[in-house]
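Please look over the structure below before reading on.

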Amino acid sequence: MHIRGDHAELVVGGRLDVRTAADARTVLHTAVDSGHGDLVLDLTELDSWDATGLGVIMGVHRRAGRANRRLVLRGVPAQMQRLLVATRLHRILAIEGGIAAESLPRG
């Protein structure tokens, strides 16, 4: 997993999972605490995330809200979009450009 950027925009790549969650949480919380306005997480380089990684994202979302900031997800890969829809978190998280229609449940 790698994270690069500043307190306004970060690119997250690799795997965000139980092995990388603690390091990611530290970097992302520092970014939230160090800036103002929207914090954009660019996920175009993210290969996968598990429940722990998703928990990190939600924790950063809550922390940003407490700091009067907004967490915005950019470039969410299709597989992860489907997970956000399945868990209904796409209704809570700010996702740049929204969720692609093919990620929505059919019905």
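Leu 73 is in contact (heavy atoms within 4.5 Å) with Leu 41, Leu 43, Ile 57, Leu 84, Leu 93, Ala 94, Ile 95 and Glu 96, leaving aside its neighbours within four places in sequence. This is a predicted model, in which local features need pLDDT of at least 70 and side-chain atom pairs count only at pLDDT 80 or more, while totals for chains, interfaces and linings use all residues. Residues are numbered from 1 along each chain as its sequence is written, and side-chain values use heavy atoms, with hydrogens and water left out.

Leu 73 also belongs to the largest nonpolar core, which has 29 residues. A nonpolar core is a set of buried Ala, Val, Leu, Ile, Met, Phe, Trp, Tyr and Cys residues joined through side-chain atoms within 4.5 Å. Buried here means under 20% relative accessible area, exposed means over 50%, and partly exposed lies in between, with a 1.4 Å probe and protein chains only. The members that touch the most other members are Leu 41, Trp 49, Leu 73 and Leu 84. Two or more residues each come from β2 (9-16), α1 (21-34), β3, α2, β4 and α3. The largest share, six residues, is supplied by α2. In soluble globular proteins, nonpolar side chains tend to be buried together.

The elements named here are DSSP runs numbered from the N terminus: helices are H or I runs of at least four residues, and strands are E runs of at least two. The protein chain has three helices and five strands, which follow the pattern β-β-α-β-α-β-α-β along the sequence.

The five strands form an open sheet with mixed pairing, in the order β1-β2-β3-β4-β5. β1 (2-5) and β5 stand at the edges with a single partner strand each, so one side of each has no neighbour in the sheet. Two strands count as paired if DSSP finds at least two bridges between them. Strands of a sheet pair through backbone hydrogen bonds, either parallel or antiparallel. β1 and β2 run antiparallel and are joined by four bridges, and a hairpin connects them through three residues. Within this pair, His 2 stands opposite Gly 13, and Ile 3 has Val 12 as its bridge partner. β2 pairs with β3 in the parallel sense over seven bridges; there, Val 11 has Asp 42 as its bridge partner.

How many of the eight residues of β2 are buried? Six are, so β2 is largely enclosed by the rest of the structure. Leu 16 lies in this strand and is buried, with a relative accessible area of 1%. Not counting residues up to four places away in sequence, Leu 16 touches Ala 24, Leu 46, Ser 48, Trp 49, Asp 50, Gly 53 and Ile 57. Leu 16 and Leu 46 are 30 residues apart in sequence, yet their C-alpha atoms are 7.5 Å apart in space.

Helix α3 (residues 78-86) has a buried side made of Met 80, Gln 81, Leu 84 and Val 85. These residues lie on the same side of α3 because they cover an arc of only 145 degrees around the axis, the arc being that of the directions from the helix axis to the C-beta atoms. They pack against β3 (39-49), α2 (51-66), β4 (71-74) and β5 (94-95). The face turned away from them carries the exposed residues Gln 79 and Ala 86.

Two loop residues other than glycine have a positive phi. Arg 88, in the loop between α3 and β5, has a phi near 65 degrees and is exposed, with a relative accessible area of 51%. Asn 68, in the loop between α2 and β4, has a phi near 55 degrees and counts as exposed at 73% relative accessibility.

For the protein chain as a whole, 43% of the 107 residues count as buried. Among contacts with a separation of 6 or more, 67% are between residues 24 or more positions apart. The C-alpha trace spans about 45 × 30 × 20 Å along its principal axes.
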